[in-house]
Amino acid sequence: MIDLTAYAKNIPLPGQTLEGELFTTGFGGKGANQAVIAAHCGADVHFIGKLGRDLFGDSIAENFKKLGMNSDFVDRSDTPNGVAHIWVDGNGENRIVIIPGANYEIDPARAIQGINSIQDLTVVVAQCEIKQEVTLAAFSAAKKRGCTTILNPAPFQPLSAQLLEVTDWIIPNETEFLELHGKAPSSDEILKEFRPGKNSIVTLGSEGAALIKADGTITRIAAPKVSAVDTTGAGDAFVGTFAFALASGKSAIDAVNLGIKVASMSVTRKGAQSSYPTQIEISTLS
Ligand code: ATP
């Protein structure tokens, strides 16, 4: 996805036109954001996906190359590249419309081929900006190889029982948790009944995150107090960093801790990938 972002003190009401302060284009997309922050952390990242055969697709391909990410399974399509139209208001809150474009052209068989061809694969991460059948195919292949699978159910869509079965970790934010579970994550009792016997993490914005282990233990980890400028891509910073940390052999609690620190740093700067800390900054956090 390419992010087309308008910054304005107030967001227009229906039928209203307002002048904003700034317009930017930036690299975005939940999958790409999570892959890029994992690469910043030092992970050996392989990306499976599809870009448009257009200028947006070309610039993303170039960015992946620059970051040293393996793109052997990043194919091109005649369908335009995915874009996200983002509005950020004066409080740093965002509203987003995404148009998936080429992302919906990924073929499940090609995803399986990708998963099976990557050497030393430990963790596979997916989101809901591609078709669920592709994620199911990729996760099923990953589980057969003994890998850990992490699903960030964003943007929300109902998830099939088969996909949940092959998902080791699910990481919703508060809104997605409410949509998945029908209740807000307001108490430990509600968190415990979410996915008994499986691991989950709920990200809680400025409150940090709640880790729900398969054995039912709940750990709440606070976020550092920061001055938030733009939370776009914060959830992705958390997921990509958590995946890197888990793949590096860290405990779940340590991985959540690092995810929170990196994500909280990202909200102090504008944009998604452009707000992510560098490898040197991250090395000072762990
Ligand atoms: P977004 O959709 O805005 O990218 P999200 O809703 O998926 O984010 P959140 O739960 O809002 O995800 O935030 C993810 C992580 O980012 C939090 O766990 C926290 O570490 C950090 N974070 C987000 N907002 C703040 C904030 N205001 N102050 C400090 N940390 C924050």
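**View 1. Residues around the ligand in the predicted model.** The ligand is surrounded by 20 residues, and the closest are Asn173, Thr203, Gly205, Gly208 and Thr231. By class, this shell holds nine nonpolar and eleven polar residues, with no charged ones. Helices α8 (234-247) and α9 (252-266) each contribute at least two residues to the shell. The most comes from α9, which gives three residues.

View 2. On its own the ligand has 630 Å² of accessible area, of which the protein covers 84%.

**View 3. The largest pocket, whose space the ligand takes.** This pocket holds about 1300 Å³ of space. Its lining comprises 46 residues, with Asn94, Asn173, Thr231, Ala234 and Gly235 nearest the centre. Elements that each supply at least two lining residues include α1 (30-41), β5 (83-88) and β6 (94-99). The largest share, five residues, is from α8. The lining has 22 nonpolar, 15 polar and nine charged residues.

**View 4. The second largest pocket.** About 900 Å³ of space lies here. Among the 44 lining residues, Ala35, Val45, His46, Phe47 and Val125 are the closest to the centre of the pocket. Elements supplying at least two lining residues each include α1, β3 (46-52), α2 (55-66) and α8. The lining divides into 26 nonpolar, 13 polar and five charged residues.

Terms used: Residues numbered from 1 in each chain as written. Predicted model: local features only at pLDDT ≥ 70, side-chain atom pairs only at ≥ 80, totals over all residues. Heavy atoms only, no water. Near = heavy atom within 4 Å. Areas by Shrake-Rupley, 256 points an atom, 1.4 Å probe, with all protein chains shown as cover. 1 Å grid on protein atoms, 1.4 Å probe; cavity = no way out; pocket = protein on both sides within 12 Å on 5 of 7 lines; lining within 4 Å. Sits in = over half its atoms within 2 Å of the grid points. Helix = DSSP H or I, 4+ residues; strand = E, 2+ residues; numbered from the N terminus. Nonpolar A, V, L, I, M, F, W, Y, C, P; charged D, E, K, R; others polar. Points joined across faces, edges and corners; volume = space filled by probe spheres on them.
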